[in-house]
Amino acid sequence: MSNVEIALEEISRGVAEIIDMERIEKLVKRFYETGESYTVKAGFDPTGADLHLGHTVLMQKLKVFQKHGARVQLLVGDFTATIGDPTGKSETRKVLDRETILKNAQTYQEQVFIILDREKTDIVFNSTWLEKLGASGLISLTTTYNVARMLERDDFEKRYRAGQSISISEFIYPLLQGYDSVELKSDIEVGGTDQKFNLLMGRHLQRVYSVGKEQAVLMMPILEGLDGVQKMSKSLNNYIGITEEPKEIYGKVLSISDELMWRYYELLSDKSLSEIEQLKTDVANGDLHPKKAKENLALELTARFYNEESATMAKREFDNVFKSNQLPTDIPEFEMESDIWICKALVDAKLEPSTSQARRDIKQGGVRLNQEKVADEKMNLSLGEYILQVGKRKFAKVKVK
RNA sequence: GGUGGGUUACUCAAGUGGCCAACGAGGGCGGACUGUAAAUCCGCUGACUACGUCUUCGAAGGUUCGAAUCCUUCACCCACCA
């Protein structure tokens, strides 16, 4: 296979939809012939700073582009964030102040460059040009589109039909986002499938403003969260953050259902599609245990954000605690006064939120003292060192003085 | 601006004077089982050294022996009309 063919195959992997593939082909081909680079735009919303695996689906794709000659334009939507974007639900999003936005952007960069190549990335803020746009510029921007077409957008249409309110500002957001592509003269824009309308707006506006090119659009599927149903997001608490501890990442990946595992393989793993097919077949006819497949995935993803050793350590730790019922290595320690009531000790060691909850868990046989089930919720701890455990995962070492 | 409806625990959502610490579902937590923190089944899910006490149903007052439930004012949200 030629360089170009390999590149195009890697670029197409796992995508939900590509608009104007010919253009991408041309750009990649030109790069391999003349060394001339091209630009790939990706926007991010500086409201929440911490990245999770869902974001990395896009990042991985951008990395592939960088490998094949692209400069990535990482667009920080600082202007839109200062106004407050009501997109989606009826609840208006919080308006962020400048300082928070910059801080979020900073955290974001640190995390992004775990994956992306810093040398091939430009960070741009859309306030740079949107602030200058002014009322007249904004109004002339709005003349490029009409209400009927705006209402074609899926969520607008649904809400309009259902008689729910749509704010005028919501009509402006896609326009502003598209206008960013005009200013950046992007060759390609990458985003999630939920962004389709906005991504296409970039094409439309580049044509209207005679940029001389229309960006190709590449859409990635939305990654499901740990529950396997809803999209991965922080607010649903079904995410794996890329800055989480290795053992957390490892454990969380291992906790996904067998079915979801294949989805994660497809969208997150570096394994080739044919390798993944092979794994599936092996599992299907019993040559490979599904747990083994899941462990490998967990190892791969943990190693991506740390390294091989950390991943192996995480696995060993996990196996010790859950398979052999051994103690984890890093148990938090606490010191307490003598004769402390066990329920109080559990709360002080942050294993339980209240003594009421502690009593309930003891009653249900969920609390262990030095590996032995605690039967009496009224017991006190006298002098000595103890290992307290709630459930399978929460541990604390307690020194009673 | 007018009219009507709403605001209940982490979320959704019952309850319209005492049987309400408040049905149900989801989530969460614990247990059993297993190959894992998967799946399935069962239990728990306001606080408090606790079969009793205390604080909760948008906020503040009031009626009553007794209020999430009735009344008044305020705040916020939604729908219809203008």
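Leaving aside its neighbours within four places in sequence, which residues is Leu-53 in contact with? Here, contact means heavy atoms within 4.5 Å. The partners are Leu-223, Met-232, Ile-240, Ile-242, Leu-268, Leu-301 and Phe-305.

A quick word on the ground rules: this is a predicted model, where local features need pLDDT of at least 70, side-chain atom pairs count only at pLDDT 80 or more, and totals for chains, interfaces and linings use all residues. Residues are numbered from 1 along each chain as its sequence is written, chains are lettered from A and ligands numbered from 1 in the order in which they are written, and side-chain values use heavy atoms, with hydrogens and water left out.

**Domains**
- Chain A is assigned domain 1 (3-220), domain 2 (246-323) and domain 3 (333-400), with bounds that come from an automatic or database domain assignment.
- Taken over C-alpha atoms, the centres of domain 2 and domain 3 are 34 Å apart.

**The largest nonpolar core**
- A nonpolar core is a set of buried Ala, Val, Leu, Ile, Met, Phe, Trp, Tyr and Cys residues joined through side-chain atoms within 4.5 Å; buried means under 20% relative accessible area (1.4 Å probe, protein chains only).
- The largest one has 61 residues, and Ile-24, Leu-53, Leu-62, Phe-65 and Ile-188 touch the most other members.
- Helix H12 (residues 258-268) supplies the largest share, 7 residues; helices (H or I, at least four residues) and strands (E, at least two) are DSSP runs, numbered from the N terminus.
- Because domain 1 (3-220) and domain 2 (246-323) both give residues to this core, it lies between them.

**The six-stranded sheet**
- Here 6 strands make an open sheet with mixed pairing, in the order E1-E6-E5-E2-E3-E4; two strands pair if DSSP finds at least two bridges between them.
- Strand E1 (17-19) and strand E4 (121-125) sit at the edges with a single partner strand each, so one side of each has no neighbour in the sheet.
- Strand E3 (residues 70-76) runs parallel to E4, joined by 5 bridges, and Leu-74 stands opposite Ile-123 in E4.

**Strands E7, E12 and E13**
- Strand E7 (residues 333-336) pairs with strand E13 (residues 394-400) in the parallel sense over 4 bridges, with Lys-397 in E13 as the bridge partner of Glu-333.
- Strand E12 (residues 384-390) runs antiparallel to E13, with 7 bridges joining them, and Val-390 stands opposite Lys-394 in E13.
- The hairpin of E12 and E13 has 3 residues between the strands, and Gly-391 there takes a positive phi near 65°.

Note on methods:
Buried < 20%, exposed > 50% of the residue type's maximum accessible area, 1.4 Å probe, protein only.
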